[in-house]
Amino acid sequence: MDTKRTVFPARGLPYLLVAPQLLITLIFFIWPAGQAVKSSFEAEDPFGLSTRFVGMQHYLRLFSEPAYLASIGRTAVFALAVSIISMGFALILAVAVNRLVRSASAYSTLLLWPYAVSPVVAGILWWFIFNSTTGILPFALEQIRIRWNHQLNGTQAMILIIIAASWKQVSYNFLFFLAGLQSVPQSLNEAAAIDGAGPVKRFWTIVFPLLSPTTFFLLIVNLNYTMFDTFGIVDATTGGGPNQATNTLVYKVYTDGYIGLNLGSSSAQSVILMAFVIALTVIQFRYVERRVQY
Amino acid sequence: MASIDIKGVKKVYQGNVTAIHGIDLAIGDGELVVLVGPSGCGKSTLLRMIAGLETITEGTIAIDSAVVNSREPAERDIAMVFQNYALYPHMSVRQNLEYGLKNRGTPRAEIDSRVAEAARMLEIEPFLERKPRQLSGGQRQRVAMGRAIVRQPKAFLFDEPLSNLDAKLRGQMRVEIRRLQHRLKTTSVYVTHDQLEAMTLADRLVVMNGGRIEQVGKPTEVYDRPASLFVAGFIGSPPMNLIPLEALKNIVGSAVLKDLPTETDLIGVRPDRMQTGEGEGFVLTGTVDLIEPVGGESHLYLHVEEIAAPLVMVMPGRPDLSEGAVVPIRLPLDALHPFSTRTGLRTD
Amino acid sequence: MVENRPFLAVLTHLVLLAGVVIVAFPVYIALVAATHGPTALTSGAMPLLPGGELFANVMQVLTENRRGVAPFWLMAWNSLWMAVIITLGKIAISIISAFAIVYFRFPGRVLAFWLIFITLMLPVEVRIIPTFKVVADLGLLNSYAGLTIPLIASATATFLFRQFFMTIPDELMEAARVDGAGPLKFFRDILLPLSRTNIAALCVILFIYGWMQYLWPLLVTIDPNYYTLMMGVKRMAAVSDADPQWNIIMAAVLLAMLPPILIVVFMQRLFVKGLVETEK
């Protein structure tokens with residue numbers, strides 16, 4: 001952890017400067033996180049008057065609860081599907097834009113703006129489109145004999161949130177893939193062309209391997225996004241339903257804790273998610289160090 | 001203007017790395033002292049301690065007779081010119097020059113007149129409203145000097161101010177700095193690793209090595225009578241030839257060299273004091289290995305039987321010799337410098 | 001490009017046009033919906049071209065008070081305030097803490113750095129209940145302070161400034177010290193002006209971030225006077241199942257999503273810089 005070669009003589013000033021950030025961090029981050037850990041090991045009596053230590057009970061119960069295990073599975077499906085779809089789509093678009101010279105920035109603008117659409121608005125937009133009574137897509141699907149009703153059909157509900165979440169994330173992935181592609185030296189491409197590789201072969205043997213740091217970085221970011229930033233999408237489209245079919249881990253923390261007021265279980269779920277974010281962050285930062293060398 | 005007195009100054013970094021091993025140096029009022037040495041010799045650290053940018057582990061530094069050890073850089077009334085110029089990139093040249101004066105609460109009229117004078121002196125008037133990035137390297141260098149001059153400080157501190165310039169510009173600026181310093185008569189400490197720059201600028205030269213002072217003196221004194229093997233090798237280009245005494249004795253006979261101080265085992269000769277042909281002094285026989293014409297003079301690389309390392313000799317013009325020629329080489333007696341390998345010092 | 005095949009060029013444009021159409025599709029549908037009267041949208045066989053009712057619908061959104069939500073302009077005002085306070089707050093506390101960490105050496109410095117780093121690992125989504133409790137205990141429910149302050153700590157902005165400060169030559173600070181500038185003067189006269197572009201880029205990213213907040217306002221506001229637009233449009237959409245007024249709702253959704261989109265489109269350079277640099 002470096003500083004400058006020379007530093008200002010320290011008295012109280014540096015403490016004053018970090019104080020606001022640290023106070024907010026301690027009060028609104030560290031303390032609540034600690035509370036979550038603490039209450040994940042405690043149970044309240046029915047009147048909320050006293051708490052007692054119950055050890056790993058909440059955790060053990062969670063992992064024997066089919067609903068929670070199912071939620072883990074659903075979250076995994078959701079996260080992987082969104083990452084693959086939005087990254088794949090974004091990569092195709094980035095490769096296409098990277099081929100262009102004059103119109104590249106116009107296309108970029110047209111592809112970047114969905115980043116500014118909030119998850120909850122994205123949810124509302126897609127919900128409107130897929131609404132079983134007034135939506136345009138169910139109407140179109142009806143013409144090819146597919147009945148769409150995500151309020152009854154869990155698979156369709158999952159498809160809905162996957163589409164909405166992927167749609168919103170394409171811009172972000174596009175931006176980073178494009179930056180990655182632009183940093184591939186043109187001379188490599190030219191050398192491969194002289195060696196007789198066609199454009200498709202060049203992409204898979206030269207460009208894509210060089211993009212792997214970007215791809216890995218985006219995979220981590222996308223997992224993070226689908227796990228934690230998609231609350232608004234779920235809340236605006238399915239509310240976790242039907243019959244828990246889209247109740248992802250984060251949404252479950254909210255419904256069990258804030259709506260269901262099951263403090264112990266919700267806290268244990270929070271702690272499990274924290275462990276997951278910490279793991280993702282550590283992986284990301286280890287990797288960032290390598291990216292600097294690259 | 002002021003004198004700078006450095007007494008017993010040491011610098012020990014965290015982890016017990018000693019950068020400066022105890023230095024005493026008195027810099028007189030109006031003097032331009034050049035600290036010269038290879039990188040890592042402690043010259044920049046010493047300068048930065050005078051500036052107040054490094055703490056002093058031991059000893060005292062006094063400016064104008066007042067000990068400044070615990071004073072902030074701003075309270076020492078010094079100005080500094082940095083290697084990368086350290087111009088404030090978002091300020092115009094004028095604002096760069098004014099900044100230090102404003103911070104000291106100098107009255108507006110005074111600021112304006114000082115900036116105008118410095119700008120005239122350095123011929124940077126046409127650029128006053130430009131940003132540093134719109135200037136060439138040489139112009140930036142002038143602005144950095146101007147920022148020091150307007151302050152009218154007790155001392156100028158220069159930290160390798162010319163090493164980012166190309167060779168031609170460096171030569172011009174060297175002359176200019178010399179002229180300015182003569183005119184302003186401000187006490188100056190100048191750090192460089194370039195021995196030519198050091199020689200040409202200094203009133204007094206301080207040769208440093210490994211955190212210690214090797215020699216202090218007028219440039220010509222240091223050149224003519226280097227106090228140690230290190231100084232002999234560092235000052236002067238091409239460097240001094242060092243011939244083992246044993247080898248010399250084998251060639252010219254031990255009788256003539258007997259009244260050298262004991263401990264002497266190396267004899268140094270400057271390349272430009274060596275001559276061809278017979279005459280006073282010792283005469284060796286050498287074979288010309290290589291001739292480098294450098295323009296106005298030529299460097300000859302000579303091989304002498306008994307002496308392992310080639311000898312270098314500087315001759316004016318273009319000597320009428322070809323590679324492979326065998327020539328007599330004369331070492332005048334007054335050009336010989338006796339050294340001891342054991343102490344690394346001069347022995348006479 | 002290495003080769004010049006007309007077929008590839010055409011394919012490239014086709015792919016991109018398809019991409020642009022897919023990306024724009026949901027918003028186009030919303031736009032169409034917002035431009036028709038209520039009767040046009042009662043079944044899936046909605047019109048595919050815009051109608052002429054946009055202005056009327058927008059006026060209705062802006063003037064009409066709807067059941068269960070605050071007036072539109074009030075929610076817009078709340079969203080604006082929230083985004084602005086979060087943006088300025090994050091930048092302010094991040095830049096001064098980065099300044100302290102880079103330009104001072106003080107006991108506890110490394111600890112402070114790690115505490116700030118940890119916030120990266122604790123998104124509000126995973127500590128909903130205890131954070132809500134803290135805010136409730138401090139009496140900050142239904143207030144701008146409660147809406148914004150808990151979101152103001154920012155490791156990414158601190159890291160961005162730290163990284164930027166490390167690239168500023170050491171000599172600049174030394175020159176300023178010799179020129180008589182103390183830490184605060186150096187910060188104000190040198191560091192802050194040099195950080196201008198970074199601050200601007202962060203402003204773009206953070207404003208969008210603040211504007212998008214949904215879960216947090218949902219937790220800490222019960223009083224509709226503190227509802228934000230994101231909450232408001234969600235509530236409007238949710239109650240419309242019974243009484244579908246899709247033209248009005250979509251007009252409201254379009255209005256709610258417009259400000260950050262305009263920022264991305266018109267400040268694309270800063271937006272890209274902000275997004276890419278905060279992820280380093």
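User: What makes B:Lys102 and B:Glu98 sit about one turn of the helix apart?

Analyst: In this predicted model, both residues lie in helix α2 of chain B (residues 93-103), and they are 4 residues apart, which comes to about one turn of the helix.

User: Why is the contact between B:Lys102 and B:Glu98 called a salt bridge?

Analyst: The cut-off for a Lys or Arg side-chain nitrogen and an Asp or Glu carboxyl oxygen is within 4 Å. The closest N and O atoms of this pair are 3.7 Å apart, so the pair counts as a salt bridge.

User: How do you know whether B:Glu98 is buried or exposed?

Analyst: Buried means under 20% relative accessible area. B:Glu98 has 5%, so B:Glu98 is buried.

User: Which residues do salt bridges with shared partners join into one network?

Analyst: That network takes in A:Arg5, B:Lys11, B:Arg48, B:Glu54, C:Glu171 and C:Glu174.

User: Why do B:Arg48 and B:Glu54 both count as buried?

Analyst: B:Arg48 has 3% relative accessibility and B:Glu54 has 12%. Both values are under 20%, so both residues are buried. These two also form a salt bridge, with their closest N and O atoms 3.3 Å apart.

User: How many salt bridges does the structure hold over all chains?

Analyst: There are 32.

Notes
Residues numbered from 1 in each chain as written. Chains lettered and ligands numbered in written order. Predicted model: local features only at pLDDT ≥ 70, side-chain atom pairs only at ≥ 80, totals over all residues. Heavy atoms only, no water. Buried < 20%, exposed > 50% of the residue type's maximum accessible area, 1.4 Å probe, protein only. Helix = DSSP H or I, 4+ residues; strand = E, 2+ residues; numbered from the N terminus.
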